[in-house]
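Subject: Structure handover and what was found in it

Dear colleague,

I am passing on the structure below, and after it you will find my notes on what was found. Please keep the structure open while you read, so that you can look up each part as it is named.

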Amino acid sequence: MYRLGFVDEPVPGHESYRDRLSIPYLTRTGVVALTFRCIEDHSCKEAGHSKYLKPPAVSSRLYNTTALFTDQPFIAIAEGELDALTLSISDIPAVGVPGATNWRRYYNRCFEDFTQVYVFCDGDTAGREFGKKVAHEIEYATLIHLPEGEDVNSLYCKEGKEALWSLTGLTNTSYVTPAKRTTFPKSTYPEPSSPWASSHSVVSVGAPQEQVWF
Ligand SMILES: [Zn+2]
């Protein structure tokens, strides 16, 4: 689904990406960009190279923009492609910003139809700065500060997807079919006039404190 790859036999011009993980930026129309991540167990800084390499002339983009077409009223923003991927496979649809400094102001338009935008901030200074910047631009942003020294992937590896869900404050115990149906606590009610109301159907069911989105 995410079509990650490994550069074993690079095409001409891609020799510098040998032995790296290839991460395609997929959209509905196909691959629009690529980045190559070092997967050695070392400090890339000390090894004298960048953890991520991009072909020249490839501009910075949001990763995993197909998540923007989710049926859910919420979405997450993560720092980095792999953190976005980890959230998405944990049933929290997420896009990734390739590096804390690569947020672009006009990205905020992508999130206008969501009632909740969870910004997962790495547990470091750059992560906290990233969160502040994004929260300044997006009306419904909720900052989720990961524990000091942690990022989405490290927390997932230690404690699983439940740890990521619990940080959102949402419950996934009634989360029956991902991307189809979710029950939310009353605190996350959208107002009837909220911007996404025209693009999502809202049906009231059962107890008055619950609504179900289809
Ligand atoms: Zn490296």
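A residue is called buried if 20 or more other C-beta atoms lie within 10 Å of its own, exposed if 12 or fewer do, and partly exposed in between. Please bear in mind that this is a predicted model.

With that definition we can begin with helix H2, which covers residues 81-89. Seven of its nine residues are buried, and therefore the helix is largely enclosed by the rest of the structure. The buried residues of H2 are Glu 81, Asp 83, Ala 84, Leu 85, Thr 86, Leu 87 and Ser 88. After H2 comes Asp 91, which has a positive phi near 70°.

For the chain as a whole, the secondary structure amounts to five helices and 11 strands. The protein chain has 214 residues, and 26% of them are buried. Among the contacts with a separation of 6 or more, 51% are between residues 24 or more positions apart.

In soluble globular proteins, nonpolar side chains tend to be buried together. The largest nonpolar core here contains 30 residues, and the ones with the most contacts inside it are Ile 75, Ala 76, Ile 77, Leu 87, Ala 94 and Phe 120. Two or more residues of this core come from each of E5, H2, E6, E7, H3 and H4. Which residues does Leu 87 touch, if those up to four places away in sequence are not counted? Leu 87 touches Ala 76, Ala 78, Ile 92, Ala 94, Phe 120, Val 152 and Leu 164.

Now to the sheets. Strands of a sheet pair through backbone hydrogen bonds, either parallel or antiparallel.

Strand E2 (residues 21-27) and strand E3 (residues 30-37) run antiparallel and are joined by seven bridges; one of the residues to look up is Thr 27, whose bridge partner in E3 is Gly 30.

Then there is a pair of helices to look at. The axes of helix H4 (residues 152-159) and H5 come within 6 Å and cross at roughly 120°, which means that H4 is oblique to H5. From H4, the contact involves Val 152, Leu 155, Tyr 156 and Glu 159, while H5 contributes Lys 161, Glu 162, Ala 163 and Leu 164. Of the residues in this contact, five are nonpolar, none is polar and three are charged.

Helix H5, which spans residues 161-168, also holds Leu 167. Is Leu 167 buried, partly exposed or exposed? Leu 167 has 19 other C-beta atoms within 10 Å, so it is partly exposed; being called buried would take 20 or more. The C-alpha atoms of Leu 167 and Tyr 118 are separated by 9.4 Å, although these residues are 49 apart along the chain.

Finally, two backbone angles deserve a look. Most residues other than glycine have a negative phi, and most peptide bonds are trans. Arg 3, however, which is found in the segment before E1, has a positive phi near 55°, and Arg 3 is exposed because it has 9 other C-beta atoms within 10 Å. Asp 19, in the loop between E1 and E2, likewise has a positive phi, near 65°. With 12 C-beta neighbours inside 10 Å, Asp 19 counts as exposed, since the limit for that word is 12 or fewer.

With best wishes

Technical notes
Residues numbered from 1 in each chain as written. Predicted model: local features only at pLDDT ≥ 70, side-chain atom pairs only at ≥ 80, totals over all residues. Pairing = 2+ DSSP bridges. Helix = DSSP H or I, 4+ residues; strand = E, 2+ residues; numbered from the N terminus. Axes fitted to C-alpha atoms, helices over the stretch in contact; angles between N-to-C directions. Parallel < 35°, antiparallel > 145°, perpendicular 65-115°, else oblique. Contact = placed C-beta atoms within 7 Å. Nonpolar A, V, L, I, M, F, W, Y, C, P; charged D, E, K, R; others polar. Core = buried A, V, L, I, M, F, W, Y, C linked by C-beta atoms within 7 Å.
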